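Welcome, and thanks for taking a look at this protein with us. Here is a short tour of some of its features, arranged by topic.

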Amino acid sequence: MKTIVVLTGAGMSAESGIRTFRDHNGLWHNYRVEDVATPEAWERNPELVLDFYNERRKQVVEANPNAGHKALVQLEKRYRVKIITQNVDDLHERAGSSQVYHLHGEIRKSRSTKDPGLIFPIEGWELKWGDRCPLGSQLRPHIVWFGEAVPAFEGATQIVKEADVLIIIGTSLSVYPAASLLYYADASIPKYYIDPQATPVNDVRNLKVIQKKAGEGVPLLMEELLGE
Ligand code: APR
């Protein structure tokens, strides 16, 4: 059975009503990264950071998987599908994808600030100042902040190396190390880049650019791959 590896970004969830980061009116046009998404921000004003993620988590809880998420699940009828996502929402899982790897964490989980191995589901949408782990430390969002290590990256490179097909969906490819993943794919395998602003990527061979939204482009590509 062939393995299809999918690398998704914020554009994958845009049609589910979840804001991207760098589009017009994106999150980083309304917040400064250094105020809400760095360890220093957490030290300086943890309640502002908690509010930022609570607001986004509320959107995620109220959102639903879109046609793009659902089309990827159909692929599993014929292929082994591994999704590596930069997104912190759980829409791939809620659509039914069985193998999802989060590079930048998961917004519906919290973790101990004393032991990062202690991770907990967040019931509902709020994580509050004073919510503590069993060790008594304040719980923080289970998110990889700018300047923090990306523990899942090493495993993700191995997954991409073994891909027979690579599909990139809804990402500006502007944040590293995530954006470097496509260079770990074998040069000879077919690659697809679905994004309204997708353009060819320097020295990446066999890349087909599909300038469409995920909700339209992903089902079309799935038909092609399932029709083979
Ligand atoms: N369908 C597909 N792609 C879309 C759609 C859509 N409906 N709407 C927007 N896009 C595309 C945009 O064209 C853009 O290329 O989604 C991409 C969003 O880019 P970013 O906002 O930069 O999001 P992303 O690439 O996921 O950012 C990577 O940056 O801030 C960090 O940790 C954060 O994981 C995030 C990382």
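The charged end of Arg-140 is placed over the ring of Trp-145, at 3.8 Å from the ring's centre. Keep in mind as you explore that this is a predicted model.

**Charges over rings and aromatic pairs**

- Besides Arg-140 over Trp-145, you can find Lys-58 over the face of Trp-125, 5.5 Å from the ring centre.
- The count of aromatic pairs comes to eight.
- One of these pairs is Trp-28 with Phe-146, an edge-to-face arrangement with 6.2 Å centre to centre and 70° between the planes.
- Trp-28 belongs to helix H2 (residues 27-30) and Phe-146 to the loop between S6 and helix H8 (153-161), so this pair ties together parts that are 118 residues apart in sequence.
- Trp-28 counts as buried because its relative accessibility is 17%, under the 20% cut-off.
- Phe-146, with a relative accessible area of 36%, is partly exposed.
- Trp-42 and Trp-145 make a tilted pair, 5.7 Å centre to centre with 40° between the planes.
- This pair, too, links distant parts of the chain: Trp-42 sits in helix H4 (residues 39-44) and Trp-145 in the loop between S6 and H8, 103 residues apart.
- Both Trp-42 and Trp-145 are buried.
- One aromatic cluster is formed by Phe-21, Trp-28, Tyr-31, Phe-52, Tyr-53 and Phe-146.

**The largest pocket**

- The largest pocket holds about 1,000 Å³ of space.
- Its lining is made up of 47 residues, and those nearest the centre of the pocket are Gly-9, Ala-10, Thr-20, Phe-21 and Arg-22.
- Helix H1 (11-14), H2, helix H5 (46-62) and strand S8 (191-194) each supply at least two residues of the lining.
- H5 gives the largest share, with four residues.
- By type, the lining divides into 23 nonpolar, 14 polar and ten charged residues.

**A closer look at Glu-126**

- You will find Glu-126 in the loop between strand S5 (119-121) and strand S6 (139-143).
- Is Glu-126 buried or partly exposed? Glu-126 counts as partly exposed, with a relative accessibility of 35%.
- Leaving aside residues up to four places away in sequence, Glu-126 touches Asn-54, Arg-57 and Asp-131.
- Asn-54 is 72 residues away from Glu-126 along the chain, while their C-alpha atoms are separated by 5.3 Å.

**The loop between S7 and S8**

- Ser-180 has its place in the loop between strand S7 (165-169) and S8.
- With 15% relative accessibility, Ser-180 counts as buried.
- The C-alpha atoms of Ser-180 and Gly-117 are separated by 26 Å, and the two residues are 63 residues apart along the chain.
- Pro-177 is also found in the loop between S7 and S8, and a cis peptide bond with omega of about 10° joins Tyr-176 to Pro-177.

**Positive phi angles**

- Asn-25, in the loop between H1 and H2, has a positive phi of about 65° although it is not a glycine.
- Asn-206 has a positive phi of about 55°, and it is not a glycine either.
- Asn-206 lies in the loop between S8 and strand S9 (207-210), and at 41% relative accessibility it counts as partly exposed.

Notes: Residues numbered from 1 in each chain as written. Predicted model: local features only at pLDDT ≥ 70, side-chain atom pairs only at ≥ 80, totals over all residues. Heavy atoms only, no water. Buried < 20%, exposed > 50% of the residue type's maximum accessible area, 1.4 Å probe, protein only. Contact = heavy atoms within 4.5 Å. Phe/Tyr/Trp six-rings, centres within 6.5 Å; stacked < 30°, edge-to-face > 60°. Lys NZ or Arg CZ within 6 Å of the ring centre and 35° of its normal. 1 Å grid on protein atoms, 1.4 Å probe; cavity = no way out; pocket = protein on both sides within 12 Å on 5 of 7 lines; lining within 4 Å. Points joined across faces, edges and corners; volume = space filled by probe spheres on them. Nonpolar A, V, L, I, M, F, W, Y, C, P; charged D, E, K, R; others polar.
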